[in-house]
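Take a moment to look over the sequence and turn the model around on your screen. Then let us walk through a few places together.

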Amino acid sequence: MTPADDSAGDFADDFDGPGLDLGVWVPHYLPQWSSRAATAARYEVRDSCLHLSLPDDVPLWCPDDHPPLRVSGIQSGVFSGPVGSTVGQQPVRPGAVVREEQPAHWGWTPRYGRLEMRARATVTPRSMVAWWLVGLEDVPERCGELCVMEVFGDAVDPAEGAAVGMGTHPFRDPRLVEDFAAPRPGVDVADWHVYAVDWRPDGAVFSVDGRPVREVAVTPDYPMQTMLAVFDFPERAVPGEPYVVPELVVDRIGGKPA
């Protein structure tokens, strides 16, 4: 079920084809806690880019188990246990049970390397965009997160640029420590930028446009899958303000082994 540690090799997706490569990407967001029908991503592949968006008709994600949240996301791997089990990636809450079993699908699952994405984003104070990697959770402890970029619209300063979240979250991985921060590298996320991580056994360096921004000393030591998503937080809506569709536009994403 688990891909070999070196199964990813060199990988690049520049979205030049007529559609999303479904041999790599699952166009749903953690469907095991809901269903594929209810978690279908809203996206287009055009102009040699992935346009991942979140129109206002997207239903709430897991409304019985999560505060109001809407999401449109794709991921490069997925699996779960049978319906009714608690086996699955990134559980929506402690004790959550699988509602729709997901067969194992491993697309791009690197273990170490130089990983980067060229992208631009549209966000408002009620939305967020992110690229992060998570452990496959084929073994429960292999569940850590390596976040390369996370931008909340309410943390975008017109003068100083966006706060860009980077770092690690351990979740249930006893090896990892919480090491996450959101520095301001002085960028306008509406413009094209290259977000990257050099992920090694002895640490990771996060960079924007080739400039190192922060480092962490302890990293996951197992294959990880990519998660790309756009989020909307309805409770942050301001009465009378029109809804602006948040979007993450990806020109290319990929990596090379360490």
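**From a strand to a sheet to a pocket**

Strands here are DSSP runs of E with at least two residues, helices are runs of H or I with at least four residues, and both are numbered from the N terminus. Before going further, please keep in mind that this is a predicted model, in which local features need pLDDT of at least 70, side-chain atom pairs count only at pLDDT 80 or more, and totals for chains, interfaces and linings use all residues. Residues are numbered from 1 along each chain as its sequence is written, and side-chain values use heavy atoms, with hydrogens and water left out.

Is S53 buried or exposed? S53 counts as buried because its relative accessibility is 16%; buried means under 20% relative accessible area, exposed means over 50%, and partly exposed lies in between (1.4 Å probe, protein chains only). Apart from neighbours within four places in sequence, S53 is in contact (heavy atoms within 4.5 Å) with R42, S72, V245, P246 and E247.

Look at G73 in β4: it counts as buried because its relative accessibility is 0%. The C-alpha atoms of G73 and L52 are 7.3 Å apart, although 21 residues separate them along the chain. L52 is also among the contacts of G73, which include H28, Y29 and A229, leaving aside neighbours within four places in sequence.

Now let us see how strands join up. Strands of a sheet pair through backbone hydrogen bonds, either parallel or antiparallel. In this model, two strands are said to pair if DSSP finds at least two bridges between them. Strand β4 is joined to β17 (residues 224-232) by six bridges, and the two run antiparallel. Within this pair, S72 stands opposite V230 of β17.

Which strands make up the whole sheet? Six strands form an open sheet with antiparallel pairing, in the order β4-β17-β8-β9-β12-β13. Its edge strands, β4 (70-75) and β13 (179-181), each pair on one side only. Further along the order, β8 and β9 pair in the antiparallel sense over seven bridges, and V129 has V151 in β9 as its bridge partner.

Strand β9 also holds C147, which counts as buried because its relative accessibility is 0%. C147 and T168 are 21 residues apart in sequence, yet 6.1 Å apart in space, C-alpha to C-alpha. Not counting residues up to four places away in sequence, C147 touches W131, W132, G165, M166, G167, F180 and F206.

Our last stop is the largest pocket. A pocket is an open set of points on a 1 Å grid over the protein atoms alone, with protein on both sides within 12 Å along at least five of seven lines, and its lining residues have an atom within 4 Å of a point. This one is lined by 21 residues, with Y29, Q90, W132, E145 and F171 nearest its centre. The elements that give two or more residues to this lining are β8 (127-135) and β9 (145-152).

Conventions: On a 1 Å grid over the protein atoms alone, a cavity is a set of points where a 1.4 Å probe fits but cannot get out, and a pocket is an open set with protein on both sides within 12 Å along at least five of seven lines; lining residues have an atom within 4 Å of a point.
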